[in-house]
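Here is a short note for a colleague opening this model for the first time. Please follow the points with the structure in view.

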Amino acid sequence: MSESETGLDEAVAQAAAHLQALEAAVGRALVGQRQVLRESVVALAAAGHCLLEGVPGVGKTLLVRGLAQAVGGHFARIQFTPDLMPSDVTGHALFDMKTEEFRIRRGPIFCNLLLGDEINRAPAKTQAALLEAMQEQQVTIEGQPLPLPAPFLVYATQNPIEQEGTYPLPQAQLDRFLLKIFIDYPGEQEELDLVRQVTNGQIGDQLDTSRVGRVLNTQDITALQVVAARLRLDDSVLHYAVRLIRAARDWQGIDTGPGPRAGIALVRAARGHALAEGKAFVTPDDVKAMAPAVLRHRLKLTADLEIEGYRPDDVLGDLLAAVPAPRS
C-alpha cells in the first residue's frame with residue numbers, strides 16, 4: 001500500500017468517526033428515523049442540498065436544528081410564505097442617513113445551515129433567488145457579488161398534503177437538490193418513545209435539542225467533504241451509476257427521465273455513503289443505497305401510473321433490481 005493510500009485510509013477513519021458521532025448526537029433528539037438521519041448526514045458529507053418531504057410533525061425542523069447544533073455552524077430559518085420577497089432571503093441595499101451612502105444589509109441566507117421551511121409556499125421569484133444561491137454559492141445585491149460562508153447547505157421542507165396556495169418547484173429547480181428525503185410516520189415503539197420523551201417534564205411542545213451536543217465545527221465539515229471527494233471509485237462502479245441513469249430515461253412508466261446532473265449527484269452521494277460506512281472506496285451497494293433519494297425528484301412518472309397511485313420509489317425498485325451491478 002502506497003503512502004498516499006495509507007494517508008487516505010487514516011483520513012477516512014477519522015472522517016467516518018466524525019460522521020458517526022454526528023449521527024449519534026442528532027439521534028438523541030430525533031427519535032427513530034435512522035434512514036432519514038443517515039441520508040441527511042450523507043448530504044452533508046457530499047456537500048449537497050436536501051429537500052425534506054413529510055407530513056407535519058414528523059421531525060423535519062427538529063432534524064435540521066439538531067444538525068446545526070451538532071456541527072456548531074451558523075443556523076438560520078426562513079418560513080416561506082406567498083408574500084415573501086427575494087430580498088427577504090438574500091438581503092438588500094440600505095441607505096445610511098449618517099454616512100449618506102448605501103450599505104448592504106445581509107439576509108438570513110448568509111449562514112452555514114439554512115432551513116427553508118415549506119419552500120413550495122413561496123412564489124417562483126423567491127424560490128429562484130434561493131436556488132440561484134444554492135448553485136452559485138453567492139448572491140448579488142445591487143450588482144455586488146457576495147460569497148456565502150463555507151460550508152453552505154440548504155435543507156428545504158415541503159408538505160406533500162396541502163397543495164392549496166403552493167407553488168410547486170419546477171423540475172429544473174428540483175434538480176439543484178442533491179437528495180430528496182422522505183420522512184414517514186415513526187414505528188409504534190418509536191412513536192411511544194417520542195411521546196414519552198417530549199411529555200416527560202417538558203412544558204409546551206417546543207423543539208428540544210438540549211440533548212444534542214456539539215461534536216464538529218465548520219472546519220471539520222469542510223475537511224470531511226474533501227475526504228469524501230477523494231474516495232476511490234472503480235470504473236466499473238462509475239459505469240454502473242451511469243447505466244442506472246440512462247436506463248431510467250427509457251424505463252417503462254417513466255415519462256421524463258433524469259438528466260446528466262443526476263449521474264454526478266449519484267456518484268457524489270455514493271461517496272458520502274461510503275464515507276459514513278467507514279470505507280475508503282465506493283461499492284455498488286453504496287450506489288444502490290443512495291439511488292432512490294437521488295432520483296425520486298428527478299423523474300416524472302407517466303399519467304397512467306400516477307393515477308394508479310404509483311410512486312417514483314416503486315418504479316426505482318424495479319429498475320435497481322433489473323440493472324445488473326458489477327460483481328467485483
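1. Start with Asp 175. In this predicted model, Asp 175 is buried, with a relative accessible area of 14%. That counts as buried because the cut-off is under 20%.

2. Which residue pairs with Asp 175 at 2.5 Å? Arg 298 does, through a salt bridge, the distance being that of the closest N and O atoms. Asp 175 sits in the loop between H6 and E9, and Arg 298 in the loop between helix H11 (284-295) and strand E11 (300-301), so the bridge ties together parts 123 residues apart in sequence. Both Asp 175 and Arg 298 are buried.

3. Asp 175 also forms a salt bridge with Arg 261, with the closest N and O atoms 2.7 Å apart. Arg 261 belongs to helix H10 (residues 260-276), so this pair joins parts 86 residues apart in sequence. Arg 261 is partly exposed, at 33% relative accessible area.

4. The whole structure holds 11 salt bridges. One of them joins Arg 77 and Asp 117 at 2.7 Å, N to O. Arg 77 is in strand E2 (residues 75-79) and Asp 117 in strand E5, 40 residues apart. Asp 117 is buried at 8%, whereas Arg 77 is partly exposed at 38%. Glu 23, Arg 38 and Glu 277 are linked in a salt-bridge network.

5. Check the backbone too. The peptide bond from Ala 150 to Pro 151 is cis, with omega near -5°. Pro 151 lies in the loop between strands E7 (144-147) and E8 (153-158).

6. Ala 47 is not a glycine, yet its phi is positive, about 60°. Glu 118 also has a positive phi, near 55°.

Notes:
Residues numbered from 1 in each chain as written. Predicted model: local features only at pLDDT ≥ 70, side-chain atom pairs only at ≥ 80, totals over all residues. Heavy atoms only, no water. Helix = DSSP H or I, 4+ residues; strand = E, 2+ residues; numbered from the N terminus. Salt bridge = Lys/Arg side-chain N within 4 Å of Asp/Glu carboxyl O. Buried < 20%, exposed > 50% of the residue type's maximum accessible area, 1.4 Å probe, protein only.
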